[in-house]
Amino acid sequence: MQIAVSGGKGGTGKSTVAINLAVELARRFKLVLADLDVEAPNDHLLLGVELASEEPVNQFMPKFDYSKCTKCRKCAEVCEEHAIITLKDGTPFLMPNLCSGCRACEIVCPVPGAILEAFRVIGHTYVTETPYGFTLVTGKLREGEERSMPLVVEAKKRARNLDYELLMVDTAAGTGNTVSKAIEGSKLLIAVTEPTPLGIHDTELILKLGKLMKLKTWVVVNRSDLGDVEKVREIAESYGAEVVAEIPYSENIVRSYVSGRPVVLENVPEAKIFRELAEKVADFLGGGE
């Protein structure tokens with residue numbers, strides 16, 4: 001089974017919800033948490049663990065054998081990313097950061113061996129055992145790289161290759177293709193938002209995505225005492241979603257950020273909110289105690 005924690009706007013607290021849910025749900029399921037916010041993964045920081053078991057993620061890029069190249073320019077003409085440029089005489093050159101690894105240049109080249117297969121490392125995936133009874137899989141894009149989709153795909157694949165009963169994915173902000181790829185296959189989507197004008201606007205975007213992908217969707221309102229929760233409820237209801245939890249602004253949660261210890265483990269009122277949410281998720285999945 002797979003569930004996803006996402007949210008249209010960045011900074012709403014989705015990673016906080018994800019790691020606290022993971023800690024609590026690991027009591028009921030053999031759980032893997034996949035941090036698929038590959039441009040800014042931070043679940044390991046909130047859990048207070050060091051990333052381990054690093055594996056590189058490679059992407060194809062062409063390498064030209066100029067002794068065989070006929071300078072026909074077909075490789076440059078077919079490249080939709082404009083990653084290949086040519087000199088006046090047709091000599092091709094590659095701009096690696098623009099290359100998407102699609103291999104169109106290799107396919108269209110009329111001379112066997114004129115374009116050789118090469119690769120570059122665009123990021124890494126990690127598998128880290130946590131002290132909370134579950135495994136954390138992390139994707140991390142290299143600085144300067146612009147294409148995060150291959151990292152999301154590889155990190156999710158690495159997570160799926162592990163032994164688990166429940167896979168929880170923590171996505172990037174927004175509703176782009178990396179988010180839709182991350183939540184693909186989920187039985188439940190938990191959209192984390194805040195009741196601010198921008199938060200409310202982006203809540204509607206993630207609810208639209210959930211409806212488009214035909215996912216059961218719940219809404220968690222973080223910092224619920226700082227805005228218009230009723231407006232969030234109205235939008236959620238219009239998309240057939242349910243507001244299942246409200247988390248007020250909390251210094252206890254801020255302290256948990258700093259300490260790297262999930263607040264659900266503490267004897268504070270906020271911990272009860274996460275425990276009750278985890279219970280609701282477990283009941284929905286059929287794994288309640």
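Predicted model: local features only at pLDDT ≥ 70, side-chain atom pairs only at ≥ 80, totals over all residues.

Residues are numbered from 1 along each chain as its sequence is written, and side-chain values use heavy atoms, with hydrogens and water left out.

**Exercise 1. Cysteines**

Find out how many disulfides the model has.

*Solution.* The rule used here asks for a pair of cysteine sulfur atoms within 2.5 Å. By this rule, the count is zero disulfides. Check C102: its nearest cysteine sulfur belongs to C79 and is 6.2 Å away, and C102 is in no disulfide. Next, C105: the nearest cysteine sulfur is that of C102, 6.4 Å away, and C105 is in no disulfide either.

Finally, decide whether C105 is buried or exposed. Buried means under 20% relative accessible area, exposed over 50%, and partly exposed in between (1.4 Å probe, protein chains only). With a relative accessible area of 8%, C105 is buried.

**Exercise 2. A salt bridge across the chain**

Work out which parts of the chain the pair R158 and E55 links.

*Solution.* A salt bridge here is a side-chain nitrogen of Lys or Arg within 4 Å of a carboxyl oxygen of Asp or Glu. The whole structure holds 20 salt bridges. In one of them, R158 meets E55 at 3.4 Å, N to O. Now locate the partners: R158 is in helix 5 (residues 149-160) and E55 in strand 3 (residues 55-64), so the pair links distant parts of the chain, 103 residues apart. Helices (H or I, at least four residues) and strands (E, at least two) are DSSP runs, numbered from the N terminus. Last, look at cover: R158 is buried at 13% relative accessible area, whereas E55 is partly exposed at 40%.

**Exercise 3. A salt bridge within a helix**

Describe where K272 and E276 lie and how their side chains meet.

*Solution.* Begin with the place: both K272 and E276 are in helix 10 (residues 269-285), four residues apart, about one turn of the helix. Then take the distance: their side chains form a salt bridge at 3.9 Å, N to O. For accessibility, K272 counts as exposed at 52%, while E276 is partly exposed at 48%.
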